[in-house]
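The sequence and the structure come first, and the text follows.

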Amino acid sequence: MPHDHPHHHDHDHTHSHAHHGHGHNHPHGDHLHSHMHHEDEAADLQVLATQFIEGFLQATDKTSYLKLAGLPFERPSKDGAKALKLIDVELKTDWQVGTASPSFGSRELSYLPFPGQMVQERTNMSLIYVSMDERSTLDIRDFLYQRKQEIEK
C-alpha cells in the first residue's frame, strides 16, 4: 500500500501495513484516515507557534490578538476553586549553537558545535496565570496543540 506522504525509513514495503501505527493511511469505516508522525506533528506545531508569536509581535493591540486567537484570559486553578488570571505573556529566545547526543558505548556526550550559518534562533511564548495562591505557566505550543485537537474533532 503506498504511503500518503514522502518519508525515508529503512524497512521493506512489500509487507502488509495493516498493523502499522501512526503515519500511514488506514481505513476507518468508509474513508481513509491519516496520522502524522510524532516528529512531523512537533515540527508542524513549532511552525504554528512561530507564526503565532510573529503575529503577536506585529499586532498593535496585543489583547485583541490574543482574544481573536481564542486564548483564555482565565484558567481553572489546580483545585478548581478559583480562576487564575492571565497577567503576562513571556517571550524567551534561545540560540541553538550546537548539538549533543549520547555516544555509543560511553557515558560521554557526542558534541557537535554548529558553524555560524547553522546557528538557529528559537523563540517561545509562555502565558503566565496567577491567583492569590497559585502561579501557572502555559506554553503556547500546549495551547496550540489543544486548539488543533479541538478543530480536528
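Trp95 stands opposite Glu121 in strand S7. This pair belongs to a predicted model, in which strands S4 and S7 run antiparallel and are joined by eleven bridges. S4 covers residues 83-96 and S7 covers residues 120-130.

S4 also pairs with strand S3, residues 74-76, in the antiparallel sense, here over three bridges. Within that pairing, Arg75 has Leu84 of S4 as its bridge partner. S3 and S4 form a hairpin with six residues between them. Gly80, in the turn, has a positive phi of about 75°.

**Overall make-up**

The protein chain contains three helices and eight strands. Read from the N terminus on, the order of elements is β-β-α-α-β-β-β-β-β-β-α. The chain has 153 residues, of which 23% are buried. It exposes about 11,400 Å², and carbon and sulfur atoms supply 54% of that area. Of the contacts between residues at least 6 apart in sequence, 47% join residues at least 24 apart.

**Nonpolar core**

In soluble globular proteins, nonpolar side chains tend to be buried together. The largest nonpolar core in this model has 17 residues. Those that touch the most other members are Phe52, Leu71, Met125, Leu127, Tyr129, Ile140 and Leu144. At least two residues of this core come from each of helix H1 (38-58), strand S4, strand S7 and helix H3 (140-152). H1 gives the most, with five residues.

Which residues does Phe52 contact, leaving aside its neighbours within four places in sequence? They are Tyr65, Leu66, Ala69, Leu71, Met125, Ile140 and Leu144. Phe52 has a relative accessible area of 8%, so it falls under the 20% limit and is buried.

Leu48 also lies in helix H1, but at 38% relative accessibility Leu48 counts as partly exposed. Not counting residues up to four places away in sequence, Leu48 touches Leu144 and Lys148. Leu48 and Ile140 are 92 residues apart in sequence, and their C-alpha atoms are 9.6 Å apart in space.

**Aromatic rings and charges**

The model has two aromatic pairs. One of them, Phe52 with Tyr65, is tilted, with 5.2 Å centre to centre and 55° between the planes. Phe52 lies in helix H1 and Tyr65 in helix H2 (residues 62-68), so this pair ties together parts that are 13 residues apart in sequence. Tyr65 has 23% relative accessibility and therefore counts as partly exposed, whereas Phe52 is buried. Phe52, Phe56 and Tyr65 form one aromatic cluster.

Two lysines are placed over aromatic rings, as tabulated below.

| Lysine | Ring | Distance to ring centre |
|---|---|---|
| Lys62 | Phe56 | 5.3 Å |
| Lys67 | Phe73 | 5.9 Å |

Lys62 lies over the face of Phe56, and Phe56 is itself a member of the aromatic cluster. For the other entry, the charged end of Lys67 sits over the ring of Phe73.

Notes
Residues are numbered from 1 along each chain as its sequence is written. This is a predicted model: local features need pLDDT of at least 70, side-chain atom pairs count only at pLDDT 80 or more; totals for chains, interfaces and linings use all residues. Side-chain values use heavy atoms; hydrogens and water are left out. A nonpolar core is a set of buried Ala, Val, Leu, Ile, Met, Phe, Trp, Tyr and Cys residues joined through side-chain atoms within 4.5 Å. Buried means under 20% relative accessible area, exposed over 50%, partly exposed in between (1.4 Å probe, protein chains only). Helices (H or I, at least four residues) and strands (E, at least two) are DSSP runs, numbered from the N terminus. Contact means heavy atoms within 4.5 Å. Two strands pair if DSSP finds at least two bridges between them. Accessible areas come from the Shrake-Rupley method with a 1.4 Å probe; for residues, only the protein chains shown count as cover. Rings of Phe, Tyr and Trp (its six-membered ring) pair if their centres lie within 6.5 Å; planes under 30 degrees apart count as stacked, over 60 as edge-to-face and the rest as tilted. A charge sits over a ring if NZ of Lys or CZ of Arg is within 6 Å of the ring centre and within 35 degrees of the ring normal.
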